[in-house]
Every structure is written in C-alpha cells, then in structure tokens.
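Visitor: Please take one part of this structure and look at it closely, with the aromatic rings as the subject.

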Number of protein chains: 2
Amino acid sequence: MIDEEVAKLLELKVQLGGDEGRHQFTLKTAKGTRDYNPKQMAIREKVFNTIISCFKRHGAENIDTPVFELKETLTGKYGEDSKYDLTVSFKPTVLDPTPSQVPFARYLAMNKVTNIKRYHIAKVYRRDNPAMTRGRYREFYQCDFDIAGQYDPMIPDAECLKIVHEILSELELGDFRIKVNDRRILDGMFAVCGVPDDKFRTICSTVDKLDKVSWEDVRSEMVKEKGLSEEAADQIGQYVSLQGGMDLAERLLQDAKMSQSKQACAGLTDMKQLFSYLQLFQVTDKVVFDLSLARGLDYYTGVIYEAILTQTGPVPVAAAQNGAGEKAEEGVSVGSVAGGGRYDGLVGMFDPKGRKVPCVGVSIGIERVFSIMEQKAEASAEKVRTTETQVMVASAQKNLLEERLRLTAELWNAGIKAEVMYKKNPKLLSQLQHCEDSGIPLVAILGEQELKDGVVKLRTVHSREEIDVSRDKLVEEIKRRTSDV
Amino acid sequence: MIDEEVAKLLELKVQLGGDEGRHQFTLKTAKGTRDYNPKQMAIREKVFNTIISCFKRHGAENIDTPVFELKETLTGKYGEDSKYDLTVSFKPTVLDPTPSQVPFARYLAMNKVTNIKRYHIAKVYRRDNPAMTRGRYREFYQCDFDIAGQYDPMIPDAECLKIVHEILSELELGDFRIKVNDRRILDGMFAVCGVPDDKFRTICSTVDKLDKVSWEDVRSEMVKEKGLSEEAADQIGQYVSLQGGMDLAERLLQDAKMSQSKQACAGLTDMKQLFSYLQLFQVTDKVVFDLSLARGLDYYTGVIYEAILTQTGPVPVAAAQNGAGEKAEEGVSVGSVAGGGRYDGLVGMFDPKGRKVPCVGVSIGIERVFSIMEQKAEASAEKVRTTETQVMVASAQKNLLEERLRLTAELWNAGIKAEVMYKKNPKLLSQLQHCEDSGIPLVAILGEQELKDGVVKLRTVHSREEIDVSRDKLVEEIKRRTSDV
C-alpha cells in the first residue's frame, strides 16, 4: 500500500513539474557570486582610484599575470628547496586563489626581471566553500604592490609601510595601526626561549592567534597540544606582550637572552633602521613594533606587517562580519585591511639557476575596504553618484528632439559629459527629475526663442538659477561650472 | 625480447627522470594564457581610459556581473520561447565566454531594472581550444555598452553608433567604416526572394560569410549545400550587393518586391530615421547601410552593425593575424573591431512574467584593439612610458640618503609622483640614466650647498637645463612643468 501511495505521489509530482515554468523559477547568480550594481561599482571605482593613484605616485608599473597557474608553479615542484612548501597555505587546484606573490615570483624568474616596482589588481577565484554571509565569495579582488631588487636594507620595506599609511589615510576608513615584526626576530626569540627547531613553525602559527584569542588560550595550546615546556611558553609570553618602536628594538638588542641569537640581532638592527626611515616618512604615529605579530605564510624571510582598523563603532562591525572567526584568504587576517612582508627566497625557487631576487610587498584587503566603504555610504546622508554627467540637454517645448540631439553631439564632441532623453517630446519636469535623481548639476534648456537668439538657457539644478549663455560660450561655461567634477 | 627492451628503456627513463631538476624545467604560464608586461599594460590602460571616458561622456553607469552564470541562465532554460536558442552560439559550460548580453539580460530581469545605460568591461574565459598564434587566448577582455529601456525608435541605436565612431576616431587605429543593417530587412528580403521560412537562419549564416568569401562561393553554398533555388539565390545576390545611406533605404521602400514585406518596410523606415539622427551626430561619413551585413547571434531583433578597419598596411595585417579564418568569439568577426545591435526579446526570456525590456548595445573588440595598438607602438619611434613619475629625487654627493627620503616623502604628501633610488650612495649618472630609461622628465638634485641654501636644483632631463628652486616653491614648480602629465 505504501508503495502505491509513493507511486501516486511521484506521478503527481511529475504532473506538477510539467506545470512549472515561467511563474515558478527564481533567477539567481551562481553560488558564491553576486552582481555589483552601479552604486557599488561607483564606490569600487573610488577605492581603486585612491589606491592606484598612490601606487603611481610611488612610481609603480602595472603587470598582469593569468588567473590560473600551472600546478607545478603552485606546488613549488620546480624547486628543490624543501623550506618552501607552498601547498601548506592553499590547495593546489587551478582555480583556488594563490598568494599573489607566487605568480609574481614566477613572472620575475621566467622573464629574468631582477628589479621592478609593480602593482597588480585582479579578480581571483576560489573553488570551494563560498560563505557569502561571512564575505567569502568565489569571485573577489586581490590588490598587491611589490618591490623586487637587490637594494640597501629596509628602504623599500619602509616605502611599503608608507604606502599603507597613505592609502588608509586617504580612504578615511577610521583610525588604524600598522603592526611590524620580523621573521628573524620571531625565530631568534623561539630559539632563545628553548623551542626545539622542528617546532618553530607550529609554535609560530599558535602565536599568530594572539589577535583573536587570549594569551592563556595560546599558552595552553602550546603546552597541551604542541608539547612545549611550560618554561619555554612563559618566556615566549613575556616577549610577545612587548610593543614599542625604535626604543624597543634597542632594548631587545641589549636583552641578555635575545642578544644571544644572531638572527634576532640582525632582525632588531634592521628594525631600528626601518624606524629611522619611517620617522623621515612621518608615519611612526601609526606604526608599532609588536612581537606578537606572526603572519602565516612560510615564505616571509624578514620584516612582516599588518594594518588593522582600531576604531570602534559601525565600521569595525562591518569588517568583523566580513571574516569573523577565520583567517581571510586574501592574505589579511581578521580585522586587518593590509598585510605583507619580505620574501627574499621565493623567486630563487622558480629560477633554473636558483638566482635570488629579494622582494618585499604588501596586499591591500580590498574586498574588506569595499564593504566598509559601502556601509559608510549607507550610513551617510550624501548620495553616491553613479554617473559623471555634467549637463542634461532638455527642452520645455515639443518637436525639438533634433535640436536637442544636435546640441548634445556638440557637447560630446567638446568632451562634455552630457545626457539627453530618448523621447521625442519628454516633459520638462521628467527631465529635471532625472537630474535630481542622478545628481546632474546643470541643465541646458533649448526653446524656440533660445534657438532664434543663438543662446541656451543654463540652469543650475540645486539653486534653480537660470541664465542665458551664448551658444558658442556654452562649452566653456559648463567646464567652468563643473571643474571640480 | 621486445618486452625486455621496453622494460629497460622504461627503467632508463626513470633514472633520467630522477636526474631532472633545477636545470631541466622550463617555466611557463598555463596553456592559452600569457603575462602582460608593464609596456603592454600601459597600452591597455590607455585604451581603457579612452573607451571608459567615452562611455562616461555618454552618461553610462558601470555594473559587474559574475564571470560564470548558472547553466539554466546560459542555456535559456528559463524561458519557453523557442525562438531563442542560446546554445547555438556557444557551449553551455560554465567557464566558456558567453555573449555578454546574456548576463546583462539576466541582471535586468532579476533586479527588475527597466531602464539603464551601462558599460561592463571584464575578463572572461574560454575552456577549450586556445590558439595563441591566432589570438585565441583562454583569458581575454570583453567590453560592452548597452542601453535598455522603452524609448522612441532609433535614438539609443544612433547613440551606440556615435559611440563607436568616437572611440575608433580617438584610438586612431586608422580609417574605419561602420556597416549597418536590420534583422527585419534581412528577413523581409529572404521572404520576398522566396527563401522558405525554415531556411531563413541557415541562409542568413551563409550571407554572413560575404565579408570573407566571394559571392560565387556564397551562392554555391546556398544552392548546393542548403538546397536554395538558383532564382532565389540570384535575387538575394542583387540585394546583398547594395550599399548606401538614407537614399538606399528610400529606394528600397519603393522597390516593387521589397515593399511587399511589412517587416522589411518597418526596418527600412527605421533605417531612414536612424540616418537622420546620424546626420545630426555628424557620423554619416563612416556609416554605410549594407544589405550583406548579417550578424550571427539569433537574439538580434532590429538594427545590427559592425565596424571594420579599412586601412591597408601594417595595421590590418595585425588585425587579420588575430582571428584569420574564423569568427572571433568576442562577438566581432574577422577584421571587425566593434559590433552589436538591438535585442528586444532577451530580457523577457528571463523575466518570470515575460516582461520585455528593449535593449540595444555594442561590443568593442578590445583584444584586437590592444594588439593593433601594441603593433603601432612597436613600429613607432616614440617610447611607451610605463610609469607616470614626474620627478626623481637624486643627489651627486654621499651620505644624503636621509635627505633624499625626507624630500621624497614631502613630494608624495603633496601629491607629486616621485621616485628615489633605494641605495645609500647611488651614482648621479645611474640616477640620471634611470630617468632617461623610464622617461622621468625632471630631477630634483640635493647637495650640501642646496640644503644650506634651502633650495633644490631642478633639472630638466631632455634639455639638461638646471635651475635652483626654493624648497617651498618646489611642489608648485614641478606641477607647473608637468601639468600635461
């Protein structure tokens, strides 16, 4: 009997299915993807402009590498140096996002480029686990700036920090701090605290959690899960609570234990040098030497840094929502909006002769920046313009379509951003309404009388002021009034 | 014995394989992909700027849709109208490039947008058959402009042609022509020439070959392969040899046969209207009504157009190399650099209630434009700058790194694009050489004397002229001298 009922239901389902169609389906984008509407795109464009202007101000060139790389490139199979296991940080599937330094290093080795200052902004894709509520989309932007070349110590490193400072200041995301540390200081610290060599990496990744969990939890993980001695853990605990500037680097150089590590001393000497350059760049107000900063990627060899927003209120909530509870794939951790460091060994891995090209770079967490800017725009009373139109060519009278088109073409040909309604006889009110809606500041109104007099009535939308402008002076007048657009 | 030999060879191969390593591998990008170096990127940026400026001048908004769409969207399964079989034109695999009108139509239907003027420039991907020698890459750009909305006839259509005219003129690719026709005129022509209804589409795709093969070949394909009568083929032959402007549209409206088709008359009346608007826009010099133009995609419902470069010489050769012998996937055919038309039915296909949103748009064959611009740059003596740096901060003396960094930061903070060498004591010659190499026009030279006097020696690279500029006037002076950068 049950079988019979099931059969009936199935049949019913088929019948209903046949009736599905136009009225049943829901249109949607592919899982983990979304559309961007004009308002979102206008915000993105503003962010891109700010960031790219900064990169250009610093003399950077632009290169583009393909969105997918060969598996050999991603898994680091080319090289023999077991120190770099790139598979640790990401799955080697063709479509997963790779740390953008990998294609860059491959590019340098392949094209025998030994020095370059470049930026690269591109969409990348992840294959797995989209989680849109947490801002984990399958399609997202990566934004990178890198300086490659053999130079005197810490000068390009300081410029990277200056760039982060400029970008975050100009974007007005709220107050921020840039934490700085050095892979060599971390390794030296682990050594003098008695961490066995083979545990450096795992202990380092536990320390990396200090921005999310308490010291007690980190200590417990070190001791209980990773088998570190309590003494070693406590010694680490004392160091990683330290924050400061050049003074701290100087103090640690005198530190009885720390000074025993050659590596740590090299890192600390460079840290002092870095801060002296940061002073010249006037950015020390935001930069802090923080021994608890331990970025994940194994290929960092020297200075590492990460910028976080410190302001509480609506903005950080948005940021937190966007990556809560996990390390964001884009190379920036929770709350962070930029990060990077020095990776002197990566290019050598790809070079057939192992030739090294020292590199230092920074990734901007541009997707997080976008979502913060979007939230700010939502909260603000100011309207986001989605076009740059300077003037609307309008008429109050009938049968003037041709005259409107003629004038509009004149304006286009003179480089003026102009719109005209695609109607034969639109109402003046609807033409003015369109200007209000989309923020067009000026209206050029044509009528029989204006045509006879060789003038155009130029109306300022917000003040409703109108003046007659001679037709041959119109372009100049529009340019003058919209020179800030 | 053979088995033994094979085993030996295999063993040998394994041994050799074990010896492969650093010195054996060749670095490369994934099949069908390539890197873009700074020079190529600078050319791309220039092209993008020209095109985007034009779109913005016409009041367009920017939207972004994901690079992949659901299969249901691509195959047009949502709709019931069998007229639109989107699978004809492309394989419905997620990563293959789709005519960009499809995601746009899906966006409009999904977001209930009934009118918008938008552009969309994005990288897209094809899964199969890269053929790099013919410019068929797996990763390439699509560039689209579309106007959606219910408007009076032919006004937005004329604006699309005006946009093509503006872009091709500004890019200075050489002389060009924009062919125009109308799907209704084609269909009407087929009807009055005696083509059976069910052969319209296949005959249309044969006519579409007229830009590549002779009329004789086209006629032979119609008659021998497609079974059309010789009389019908010859009648078509007379029509498709016709080219003209508004006059031709008028003549055909009087044509004994053509005037029997209501569809053709509607198309011809609109063609007259279109040319009257094109006259107002002053673009009729390049636009030709050409009855042989028959673009492939089935969803065109009205006017169709295609821009081709007409100049002979190095430029068209490059263009031909880029897609010889086949229709380019980007929606533009051989030799063509832009194409588009009206598609009034596509949005309705995606709308649950079948609501129609008339659309007209144009795709710019931006990859072909890139490769033509690259070839032009190769042929030209003029150097392509890959940075926008205005000034190099330099010194002829030792121990002035800190002073150089301080001044550079001052310039960055004032919005000046400035570079400084990352060396403690670089030679003046190598600093000047860098300016020559990368086209930096100015050098700000610091020395002990200049520091004492509160001045900077400002050197013009090309003339080698040097003047002392007071430090507090430096920013202004650099801006004045590089105002065209």
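Guide: Rings of Phe, Tyr and Trp, the last by its six-membered ring, pair if their centres lie within 6.5 Å. In this predicted model, F48(A), Y141(A) and F370(A) form one aromatic cluster, and a search of the whole structure finds 20 aromatic pairs over all chains. One of them is formed by Y422(A) and Y151(B), with 4.9 Å from centre to centre and 65° between the planes, an edge-to-face arrangement. This pair crosses between chains: Y422(A) belongs to the loop between strand 11 (418–420) and helix 16 (428–438) of chain A, whereas Y151(B) belongs to the loop between strand 3 (139–148) and helix 5 (155–171) of chain B. The two partners can also be described by their accessibility, where buried means under 20% relative accessible area and exposed means over 50%, with partly exposed in between. Y422(A) counts as buried because its relative accessibility is 6%, while Y151(B), at 23% relative accessibility, counts as partly exposed.

Aromatic rings also take part in contacts with charged side chains. In chain A, R44(A) lies over the face of Y36(A), at 3.9 Å from the ring centre, and in chain B the charged end of R44(B) sits over the ring of Y36(B), 3.9 Å from its centre.

The bridge partner of F289(A) is G244(A), and strand 5 (residues 243–244) of chain A pairs with strand 6 in the antiparallel sense over 2 bridges.

Key: Residues are numbered from 1 along each chain as its sequence is written. Chains are lettered from A and ligands numbered from 1 in the order in which they are written. This is a predicted model: local features need pLDDT of at least 70, side-chain atom pairs count only at pLDDT 80 or more; totals for chains, interfaces and linings use all residues. Side-chain values use heavy atoms; hydrogens and water are left out. Two strands pair if DSSP finds at least two bridges between them. Helices (H or I, at least four residues) and strands (E, at least two) are DSSP runs, numbered from the N terminus. Rings of Phe, Tyr and Trp (its six-membered ring) pair if their centres lie within 6.5 Å; planes under 30 degrees apart count as stacked, over 60 as edge-to-face and the rest as tilted. Buried means under 20% relative accessible area, exposed over 50%, partly exposed in between (1.4 Å probe, protein chains only). A charge sits over a ring if NZ of Lys or CZ of Arg is within 6 Å of the ring centre and within 35 degrees of the ring normal.
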